[in-house]
Amino acid sequence: MREFGVVLLGALVLPLAAFGVAGAVPEATSFGDTTSVGVHNSYEKSTFPYFADALDSGAGLLELDLWSNGGGADWRVSHMNPFASDSNCVGAQDAAGLRSGFRDQGLAGCLADMRAWHDANPEHSPVMIKLELKDGFTAGYGRGPADLDALILGTLGDAVFAPADLVADKFSTPDAAVTQQGWPTVSEMAGKFIFELIPGTIEEGNPLDTYWTDIEYATHLRDLAATNRLALAAAFPAVHVAAPGDPRIARYSDPSVRVWFVLFDGNALEYSSGAVDSSWYHARGYLLIMTDAHKVLPAIDGTHASESEARDRLDRLAGDHASYITADWSSLPGVLSTVIQRR
């Protein structure tokens with residue numbers, strides 16, 4: 001099992017006080033009591049020329065779209081092309097190669113970039129990596145949950161904050177861990193990547209696919225834990241819906257699967273409309289990812305909002321208990337690197 005331990009400050013690293021506004025969030029604050037900003041489809045070249053630029057932006061959440069079907073030889077990173085990667089990842093072997101070489105690498109290349117960047121910035125603020133599995137898992141082609149775990153942990157190792165780190169030796173499930181103890185502190189999460197998995201648009205629209213990414217991976221976690229192998233898992237599945245009450249009850253008929261979900265992901269407009277009590281998530285220690293933050297009324301530009309507009313939106317949604325808000329504000333690094341108190 002990996003430890004929380006903090007890596008010694010490197011020459012290229014910002015101090016912990018630079019997580020957003022200096023002093024805004026004390027290092028002893030629970031990670032579950034913070035609100036950060038993410039960028040939608042961070043792998044696209046039109047958003048960031050290189051994935052290293054996305055990492056350097058200070059964004060708290062970055063997103064990759066994955067394709068796993070048999071039409072290609074690896075996990076492809078692309079928005080629309082299911083057969084070949086179209087990404088800003090280069091598969092760097094070290095920090096010097098982060099902005100050179102051939103882009104359009106798949107997931108292995110993006111993870112290699114993360115590894116090289118992490119090695120140069122070991123005390124970086126925690127980064128949530130949101131993986132949208134566009135067409136779900138395809139275990140028959142070597143792209144199932146265990147294959148994803150092996151690729152992520154084989155590349156990033158102790159830089160990953162995984163389910164086993166959350167439950168440690170004290171709890172049996174992530175739900176028990178966050179509701180009874182909460183998340184590690186901001187200081188303890190320094191230098192970590194957290195992987196979030198959601199079902200993809202193709203998977204959710206496929207009437208022949210009823211075993212979506214969220215259920216498949218949560219079942220995988222449950223089964224690993226039952227055989228004392230949870231340390232092999234790399235990611236957290238997210239409930240991909242905004243709904244009143246506990247959305248896990250309607251989504252997952254099996255109670256033994258529900259307790260593996262402590263991340264919830266949905267449209268900010270729905271969470272902020274009053275139809276969903278977003279304080280329910282915060283009170284229980286669950287992380288709440290609010291997408292399309294710019295659409296909350298009054299709507300602002302999703303790509304070219306002003307810095308003051310984006311900061312106001314961050315402050316408002318932190319008050320609505322968001323853990324992360326996302327839009328396409330790649331040109332606002334001052335906003336992307338800001339971390340404030342979740343309220």
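Which residues is tryptophan 329 in contact with, leaving aside its neighbours within four places in sequence? In this predicted model, where contact means heavy atoms within 4.5 Å, tryptophan 329 meets Val37, Ala293, His294, Ile300, Asp301, Gly302, Thr303, Ala305, Ala310, Arg313 and Leu336. Because the model is predicted, local features need pLDDT of at least 70 and side-chain atom pairs count only at pLDDT 80 or more, while totals for chains, interfaces and linings use all residues. Residues are numbered from 1 along each chain as its sequence is written, and side-chain values use heavy atoms, with hydrogens and water left out.

The largest nonpolar core has 102 residues, and Trp329 is listed with Leu64, Met114, Leu131, Phe193 and Phe195 as having the most contacts inside it. Such a core is a set of buried Ala, Val, Leu, Ile, Met, Phe, Trp, Tyr and Cys residues joined through side-chain atoms within 4.5 Å; buried means under 20% relative accessible area, exposed over 50%, and partly exposed in between, with a 1.4 Å probe and protein chains only. Helix H2, residues 107-120, supplies the largest share of this core, namely six residues. Helices (H or I, at least four residues) and strands (E, at least two) are DSSP runs, numbered from the N terminus.

Aromatic rings form a second theme. A pair of aromatic rings is described by the distance of the centres and the angle of the planes. Rings of Phe, Tyr and Trp (its six-membered ring) pair if their centres lie within 6.5 Å, and planes under 30 degrees apart count as stacked, over 60 as edge-to-face and the rest as tilted. The structure holds 14 aromatic pairs. In one of them, the ring centres of phenylalanine 161 and tryptophan 183 are 6.1 Å apart with their planes at 45°, and the pair is therefore tilted. This pair links distant parts of the chain, 22 residues apart, with phenylalanine 161 in the loop between helix H3 (145-156) and helix H4 (163-167) and tryptophan 183 in the loop between helix H5 (174-180) and strand S5 (193-199). Phenylalanine 161 is buried because its relative accessible area is 0%, and tryptophan 183, at 6%, is buried as well.

Phenylalanine 264 and tyrosine 281 form an edge-to-face pair, 4.9 Å centre to centre with 65° between the planes. Here too the pair links distant parts of the chain, 17 residues apart, since phenylalanine 264 lies in strand S7 (residues 263-267) and tyrosine 281 in helix H11 (residues 279-283). Phenylalanine 264 counts as buried at 0% relative accessibility, and tyrosine 281 counts as buried at 0%. Phe264 and Tyr281 belong, together with Tyr271, Trp280 and Tyr286, to one aromatic cluster.

Strand S1 (residues 34-39) holds threonine 35, which counts as buried because its relative accessibility is 0%. Not counting residues up to four places away in sequence, threonine 35 touches Leu314, Ala318, Ala322, Ser323, Thr338, Val339, Ile340, Gln341 and Arg342. Arginine 103, by comparison, lies in the loop between strand S3 (76-77) and H2 and is partly exposed, with a relative accessible area of 27%.

Some backbone details deserve attention in the loops. The peptide bond from leucine 297 to proline 298 is cis, with omega near -5°, and proline 298 sits in the loop between strand S8 (287-291) and helix H12 (307-319). Asparagine 41, in the loop between S1 and helix H1 (51-56), has phi near 45°, a positive value in a residue other than glycine, and is buried at 2% relative accessible area. Histidine 321 likewise has a positive phi, of about 75°, although it is not a glycine; histidine 321 is found in the loop between H12 and strand S9 (324-327) and is buried at 16%.
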